[in-house]
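Please look over the sequence and the model shown below. The report that follows takes up selected elements in turn.

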Amino acid sequence: MIKISGIYKSFGNTPVLKNISAEFQPGKTNLIIGKSGAGKTVLLKLLVGLIAPNEGQIFYNKVDFLQLKKKDLRTLRMKVGMLFQGSALFDSLTVEENIRFPLDMFTDLTKKEKSDRVNTCLNRVSLDGINAKFPSELSGGMQKRVGIARAIVLNPSYLFCDEPNSGLDPKTSLVIDELIKDITIENNMTTIINTHDMNSVMEIGDNVILLHEGEICWQGNKDEIMSSENEILHDFIFASPFLQRLRNAAISNGFQK
Amino acid sequence: MVITKLLDHLGKYLILMGNAFSKPEKTSMYYREVIRQMHDIGVGSLIIVFIISLFIGAVTAIQFAYQLDGTLVPDYYIGYVVRDMTIIELAPTITCLVLAGKVGSNMASEIGGMRQKEHIDAMEIMGVNTAAYLIMPKVLAAVIIIPILVAIAAFVSIGGGFIASVPTGLLSGQEFVMGLRSFFMPYNVFMMFVKSLVFAFLLTSISCYQGYNVKGGSIELGKASTNAVVISDIMILLADYLIAVVLI
């Protein structure tokens, strides 16, 4: 479980996050949504320790993340997997070498054990047999799946995904969403996804946090979205005229708010 | 303002070097990276070092022969001057200035590109000490391989001097060799290696610092690469002066 309380972050005189408090439970897909510039990426970077907040606390299972010494922080980070928006695969390494990198760096497994683990992860993301390919030879969706395979290779307890569906077609997005959801449940991971993909919100949003102008303005799950009276949430979720028409049609056909 | 900025950079540089020279997570991974970097720096720079050294030696011989023309100084001094100029100054300094342009800009671009593509963030989140993994092997490889390159440069440069002066009739082969063997001070070779070690450390660490701290896009990456070369060159020349003052 990850718990944050009273997080405040500003860049110069511009506040980006104001008094953010939330809990992210294991085995659930926690989504942080919001308009561009709402502070989603900053919050995710704070959670993984790439930047530090001005105020507030971050707890990983009651361990104060911000008070950890460098060595302990690195140990904790071995339990963290992250999928980056651009996948962040190392261009000069093959798919196998990319996924094996954390194993090479942190484990004493034999070559065969590492190879087996890599193949298991590739199989889990349905990409068997692409071990020798380079990232540049893969499609965007495949790169994301390799990114997921690398993120889960050390069996992490926490998975962070920054815009996992950006640049992907709706069908591939769905595959990625389902994959993340399944992996989260299988490994009882605490998964936090930063997205503005509405399909993701409605499909896998176990716990959805809406950020607006640096503050949490709504929190709930995917089933509570339609019945919410929060105007900012509705403006965000049903931003396109098509979705508005769809929503109006649903309501006129008897959907209960 | 400028001094504050300089001190700020110096502080950040020292902190980065402190992080870079901490205990590796896995020695074998670092060892492999050191070997790869040694190959890239050493083999990759051999041709350019060879060409430049050859011409430096040749030009030194011809220029000195021109200065000697009509004087009472014996011709074999050409060999002596080429040897000492090369060992004391030209081989370490010119080689490292050239390497700052070739290897330094390459390192700054490589690390800067990794920063921009979030590769460094990815490694940090995995728990890797990125300063150590990305910088230490490069610096270690450089301080091992650059003195070897400088030694090769010294030999080639003397060879260049021979080629430019003996076949053209400026002096005989015997005279050139006599010059090479005259007034030899092994201490000069020691000074050459001290210089090459210091320059190797400076050019790699400064270039890595520039790349590691890239913020922004491709324009900033280009600036970092240029800064890596310019600052490394200035620091090499400054260090050259200081070493000369201290060691001579």
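Which residue stands opposite A:Tyr60 in β5(A)? The residue opposite A:Tyr60 is A:Val63.

## Basis of the description

This is a predicted model, in which local features need pLDDT of at least 70 and side-chain atom pairs count only at pLDDT 80 or more, while totals for chains, interfaces and linings use all residues. Residues are numbered from 1 along each chain as its sequence is written, chains are lettered from A and ligands numbered from 1 in the order in which they are written, and side-chain values use heavy atoms, with hydrogens and water left out.

## The open sheet of chain A

In chain A, an open sheet of 4 strands is arranged in the order β2-β1-β4-β5 with antiparallel pairing, where strands are DSSP runs of E of at least two residues, helices are runs of H or I of at least four, both numbered from the N terminus, and two strands pair if DSSP finds at least two bridges between them. Its edge strands, each pairing on one side only, are β2 (14–24) and β5 (63–64) of chain A. Helix α1 (residues 40–48) of chain A packs on this sheet and touches β1 (2–11), β2 and β4, contact meaning heavy atoms within 4.5 Å. The direction of α1 makes about 120° with that of β1(A); axes are lines fitted to C-alpha atoms, for helices over the stretch in contact, and angles run from 0 to 180 degrees between N-to-C directions.

Strand β4 (residues 55–60) of chain A is joined to β5(A) in the antiparallel sense by 2 bridges.

β3(A) runs parallel to strand β8 (residues 190–194) of chain A, to which 4 bridges join it, and pairs in the parallel sense with strand β9 (residues 207–212) of chain A over 5 bridges. A:Asn30 stands opposite A:Ile192 in β8(A) and opposite A:Asn207 in β9(A).

## B:Phe21 in chain B

B:Phe21 is placed in the loop between α1 (2–20) and α2 of chain B. With a relative accessible area of 38%, B:Phe21 is partly exposed.

Key. Buried < 20%, exposed > 50% of the residue type's maximum accessible area, 1.4 Å probe, protein only.
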